[in-house]
Amino acid sequence: MILRMSTLFLRTLREDPVDAEVPSHKLLVRAGYVRRAAPGIYSWLPLGYTVLRNIENIVREEMNAIGAQEVHFPALLPREPYEASNRWEEYGDTIFRLKDRKGGDYLLGPTHEEMFTLLVKDLYSSYKDLPLSLYQIQTKYRDEARPRAGILRGREFVMKDSYSFDVSDEAFMHSYLAHRGAYIKIFDRLGLDYVIVKATSGAMGGSASEEFLVTAENGEDTYVRSPGGYAANVEAVTTPVPPPLSYEDTPAAHAEDTPDTPTIQTLVDHLNERFPRGDRPWQASDTLKNVLVVLHHPDGSREPLAIGVPGDREVDEKRLQAQVEPAAVEPFTEDDFAAHPALARGYIGPGVLGEKNASGIRYLVDPRVVEGTRWVTGADTPGKHVIDLVAGRDFTPDGTIEAAEVRAGDPAPDGSGPLETARGIEMGHIFQLGRKYSDALGLQVLDENGKLVTVTMGSYGVGVSRAVAAIVENSHDELGIIWPREVAPADVHLVATGKDDAVFEAAAGIAAELDAAGVRVMFDDRRGVSPGVKFKDSELIGVPTIVVVGRGLADGVVEIKDRATGEREEVAVGAVVDRLRAIVAE
Ligand code: ATP
Ligand code: MG
């Protein structure tokens with residue numbers, strides 16, 4: 001097929017859209033791939049839809065190759081299955097809920113575990129039917145708190161979601177690894193620069209879980225890696241727990257006046273001035289900072305939570321969020337302080353939070369706060385801190401929580417060296433659901449011995465529409481998009497320049513020959529558009545090979561330009577089709 005620019009439904013824009021911050025958003029709108037319909041909701045124009053389908057096809061081929069079978073569910077779903085799995089509530093504000101004319105509750109599917117589980121339960125009953133992997137490429141709806149970056153985080157988006165069904169955990173591992181292999185092939189074919197990292201399983205439940213992150217400065221995910229090969233989403237990083245310390249020689253805890261020490265730094269300075277240590281100066285990591293938040297549970301209840309972290313670290317909102325899901329983290333308000341008069345703001349310490357628990361607030365600490373560690377922390381009285389407060393001797397928290405920030409240089413949990421941090425875009429997620437959904441919805445089969453067993457499931461997602469934007473984040477320059485050939489809207493962008501009819505006729509001939517040879521051609525056959533505008537458009541649109549038919553035709557040559565490298569070559573008109581076929585086949 002030849003895409004003729006004279007009739008193609010396309011208007012390229014010279015200006016970046018005002019609401020766009022990241023390159024992919026700017027370029028996809030400017031080059032006429034997508035158009036905003038509402039916040040986080042986009043229409044696909046001909047070029048964008050072509051790229052989207054190219055990506056879908058790659059995903060489809062690789063899913064079929066591992067024996068997964070394509071199905072298609074509705075996006076409009078009944079409440080009951082989501083009620084049974086508890087996700088009607090757990091999803092909170094993130095799902096679009098609606099009512100039909102009879103008052104029945106429905107939702108627009110954010111992901112389809114429940115529906116797949118019920119379908120398999122409907123039709124299958126024996127271990128002989130398994131293993132089974134089903135997938136769909138479908139439009140999902142999530143009322144994201146912060147839709148951003150165009151189609152990178154939309155409220156309507158296209159996802160490939162698959163689900164595996166196995167009779168045992170061992171059998172499940174085969175399905176998991178098959179998906180993992182397929183994902184590697186998919187992301188290689190998409191030309192993405194990506195890493196596979198350990199992940200938390202979030203609202204999905206289950207244990208084994210890995211994410212495929214596209215390395216990108218504009219990514220919302222932070223991940224870490226070590227020289228020894230450890231790689232994890234920052235949310236999934238566990239802190240190596242130090243061994244307990246002996247505290248025989250640690251003096252008894254003593255409260256001291258620490259006026260005018262509103263920050264950790266002022267406190268440390270004050271300590272060094274008034275209470276110098278014998279061995280070394282006090283530092284921020286000697287202090288224990290207690291942070292209060294409120295957990296908003298899916299059932300609507302609010303639970304205050306205190307988190308103790310070493311004073312040199314902040315609480316990382318995303319790490320905390322991942323730990324407390326499905327609850328949402330909210331600020332501790334004035335009203336909450338009023339309801340807990342035992343809390344001395346700015347001087348909150350384990351005295352009210354720990355053992356004696358005068359506040360009634362659950363108190364979780366960083367895993368570094370092991371027995372025998374010695375802290376300076378709030379004395380629960382304005383203007384006072386306690387020194388030499390020993391964990392396990394003077395206070396006992398209710399447990400630990402992985403909520404402190406992870407920093408470059410921190411040791412990897414598996415001892416494989418210091419961590420470095422980088423940013424990425426989550427493109428895919430594979431995880432073990434275990435029996436969460438099969439238990440909730442009663443998906444059981446008879447095993448070899450005629451015994452009923454609950455099916456082990458996995459769930460696997462690829463952000464198909466997000467991939468369009470992620471590829472652009474990975475592959476663009478100041479002039480525009482540079483598509484990898486397999487996803488590009490065409491193989492060759494053929495530009496006819498000037499006013500000469502002979503040029504347009506020759507170009508049309510080349511386009512027809514290429515088309516006949518199976519090369520996908522975009523043909524800029526527009527009359528009365530300047531060469532400068534045509535060249536700019538070709539660079540913006542990003543087809544990998546650009547061919548210019550213009551003045552050189554008088555000498556029997558046309559120019560071929562590689563969009564990615566900028567390299568140009570002159571080729572005799574008679575040889576151009578063969579040359580292009582060779583380039584496309586490379
Ligand atoms: P994120 O952390 O980015 O919100 P998620 O963990 O909610 O992602 P999953 O529920 O695992 O995502 O969905 C599977 C895939 O769908 C993700 O890996 C991602 O590529 C894609 N995806 C998720 N949310 C969106 C969205 N709002 N817009 C576009 N793609 C999305
Ligand atoms: Mg999400």
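In helix 14, which spans residues 531-541, the buried residues are Lys534, Asp537, Ser538, Glu539, Leu540 and Ile541. Directly after this helix, glycine 542 adopts a positive phi of about 85°. The model is predicted.

The protein chain as a whole contains 15 helices and 32 strands. Its C-alpha atoms occupy a box of roughly 95 × 70 × 50 Å along the principal axes. Of the 586 residues in the chain, 51% are buried.

Ligand 1 is surrounded by 14 residues. The closest are Arg142, Glu144, Arg153, Gly154 and Glu426. By class, the shell comprises 5 nonpolar, 4 polar and 5 charged residues. Strand 22 is its main contributor, giving 4 residues, the most of any element. Several protein atoms approach oxygen atoms of the ligand. For methionine 427, a backbone N or O atom lies 3.2 Å from a ligand oxygen. For glycine 463, a polar backbone atom is likewise 3.2 Å from an oxygen atom of ligand 1. Arginine 466 contributes through its side chain, where an N or O atom is 3.0 Å from an oxygen atom of the ligand. On its own, ligand 1 has 580 Å² of accessible area, and the protein covers 86% of this area. Two elements give two or more residues to the shell: strand 9 (156-166) and strand 22 (420-434).

The whole structure holds 11 aromatic pairs. One of them joins phenylalanine 332 and phenylalanine 337 in an edge-to-face arrangement. Phenylalanine 332 is classed as buried because its relative accessibility is 12%, under the 20% cut-off. Phenylalanine 337 has a relative accessibility of 17%, so this residue also counts as buried. Phenylalanine 337 has a further neighbour: arginine 345 lies over the face of its ring, at 4.0 Å from the ring centre.

The charged end of arginine 527 sits over the ring of phenylalanine 504, at 3.9 Å from the ring centre. Elsewhere, ring pairs connect Tyr183, Phe187, Tyr194 and Phe212 into a cluster.

The relative accessible area of glutamate 114 is 0%, so the residue is buried. Its side chain has a polar partner. The side chains of glutamate 114 and arginine 87 are joined by a polar contact of 2.7 Å.

Buried positions also occur in loops. Alanine 391 is located in the loop between strand 20 (384-390) and strand 21 (399-400). With a relative accessible area of 3%, alanine 391 is buried. Its C-alpha atom is separated by 49 Å from that of alanine 469. Along the chain, alanine 391 and alanine 469 are 78 residues apart.

Definitions and conventions:
Residues are numbered from 1 along each chain as its sequence is written. Chains are lettered from A and ligands numbered from 1 in the order in which they are written. This is a predicted model: local features need pLDDT of at least 70, side-chain atom pairs count only at pLDDT 80 or more; totals for chains, interfaces and linings use all residues. Side-chain values use heavy atoms; hydrogens and water are left out. Rings of Phe, Tyr and Trp (its six-membered ring) pair if their centres lie within 6.5 Å; planes under 30 degrees apart count as stacked, over 60 as edge-to-face and the rest as tilted. Buried means under 20% relative accessible area, exposed over 50%, partly exposed in between (1.4 Å probe, protein chains only). A charge sits over a ring if NZ of Lys or CZ of Arg is within 6 Å of the ring centre and within 35 degrees of the ring normal. A residue is near a molecule or strand if one of its heavy atoms lies within 4 Å of it. A polar contact is a pair of N or O atoms within 3.5 Å; within protein, one must be able to donate a hydrogen and the other to accept it, and residues adjacent in sequence count only if both atoms are side-chain atoms. Accessible areas come from the Shrake-Rupley method with a 1.4 Å probe; for residues, only the protein chains shown count as cover. Ala, Val, Leu, Ile, Met, Phe, Trp, Tyr, Cys and Pro count as nonpolar, Asp, Glu, Lys and Arg as charged, and the others, Gly among them, as polar.
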